[in-house]
Amino acid sequence: MTAHAEGPRALTRRPGRLAAFGGPPAVPRDAAPARWPVIGEAERRRVTDVLDSGHLVSNTGVETEVDQLERAWAQHCGTAHCVGVSNGTAALELILDALGVGPGSEVIIPALSFIATAMAPLNLGAVPVFADVDPRTFNLSAEDTAARITPRTAAIIPVHLHGQPADMGGLTAIARRHGLPLVEDAAQAHGAAIGDRSTGSLGNAAAFSLQYTKNLPTCGEGGLVTTDDPDLARHVGMARQFGEELVRGAPRTHRSHIRGGNAKLSPVQAAFTLAQLTRFYAYREQRERNVTAFLSRLSALPGLQVPRAVPGTTHAWHILRFRFHPGPAAGAPEADPDRFRASLHRLLRAEGVPMSRYQVMPLPDQPVFAGARHRTGSGHPDTRAVIADSLTLQKRHLDPASGPLLQHYADAFEKVWEHLDTALRMAGQR
Ligand SMILES: Cc1ncc(COP(=O)(O)O)c(C=O)c1O
């Protein structure tokens, strides 16, 4: 019996043969591919303008596109300061450095994130302490965070994973109680918000990535730090430039006041992002429409947990993560999550849906932390369950023209769901 065996459609239409077994794929081979980033005349012109200007770095005392982008993004976030840096990982490291995180410090981060969230404290000689995530939002659990605070805790990094703002209300209460700073990892959450407050303005400081796959991309690598704290902004500004203090319009003094490296953003990268920024809000609105239409079709499928914005928040829809629990819905017991996810992965990909995993293990299981588990913490059952039973859609839905492609993907999901018994059989469940 399939999940739809009693639905009206089952009476009128036999499910098409699965592409994995020789049937035609649900996503036509000639479906228009999604592009990301969308590169137009504006990007080309702004980048060549920089090349023609000769101002290819941001430390010469001349106003560049980096200054313009910093002003524009601070305005978007509603923060007093924005500092352009070389990438999102450097943004995190520079913020933690400014907060005094170093050897002997512990920094609480979610067990489910990109490795950079863990590398930032590690690279400063601090210990990342992993807390579990919420099984629906995939974001740092405030309860587990509270349980992992010690006298050595120096900061908490909520990650707005996949574009869903973290539980900043719960985490702010905990941080205030313990006098700890909150550092937003907003690498995946440009344009997300809680109420009318943008990500980037919800903690002591925030790190954004401009890496080309992000919702606000550059043509390569880049990052932005936002904060209301003038001392933190000044520290980041100096630490990205060998510890020097540059004053716009004044000659460089070549005096290093603090420890620092070279983590500057290039005017070429900033110029590309400035061009993207002119279409950012229009893209965000169109993406919201496309993704909502896609998810509303999928939410009708039994046993499929589709992403949803937490009420009162704006989701940036950077990545779409789906969890699978169709066993009971198909009249079968709960399937082995790993094997069932692997079966669906194969079937969906064959239909032309480029599903992929996002993180194949909880961060504390990464080889770099082997042997340190007693320090970094253990457990994380919700992170483990999410990684075992979910797949993600990445990048394809970012293009505002991807609406029709997403509808083909929805066709593919519906088709595979009409063959749930096959998927369960492949997973050894039947
Ligand atoms: C959650 C998260 N944090 C940090 C980063 C690091 O950003 P970057 O790649 O710009 O260094 C990323 C990038 O993928 C990310 O997804």
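Student: What should I know about the model first?
Tutor: It is predicted, so local features need pLDDT of at least 70 and side-chain atom pairs pLDDT 80 or more, while totals for chains, interfaces and linings use all residues. Residues are numbered from 1 along each chain as its sequence is written, and side-chain values use heavy atoms, without hydrogens and water.

Student: Which domains are assigned?
Tutor: Domain 1 (41-276) and domain 2 (280-426); such bounds come from an automatic or database domain assignment.

Student: How many residues does each put into the contact?
Tutor: Domain 1 gives 43 residues and domain 2 gives 38, where contact means heavy atoms within 4.5 Å.

Student: And how much area do they bury between them?
Tutor: About 3,400 Å², 57% of it on carbon and sulfur atoms. Buried area is the accessible area (1.4 Å probe) that two parts lose on being put together, summed over both.

Student: How many salt bridges cross the interface?
Tutor: The rule finds zero; it requires a side-chain nitrogen of Lys or Arg within 4 Å of a carboxyl oxygen of Asp or Glu.

Student: Changing topic, at what angle do α9 and α14 pack?
Tutor: Helix α9 (residues 267-298) and helix α14 (residues 403-417) pack at about 10 degrees, with axes 9 Å apart. Therefore α9 is roughly parallel to α14, a label for angles under 35 degrees.

Student: Which α9 residues make that contact?
Tutor: N290, V291, A293, F294, R297 and L298.

Notes: Axes fitted to C-alpha atoms, helices over the stretch in contact; angles between N-to-C directions. Helix = DSSP H or I, 4+ residues; strand = E, 2+ residues; numbered from the N terminus. Parallel < 35°, antiparallel > 145°, perpendicular 65-115°, else oblique.
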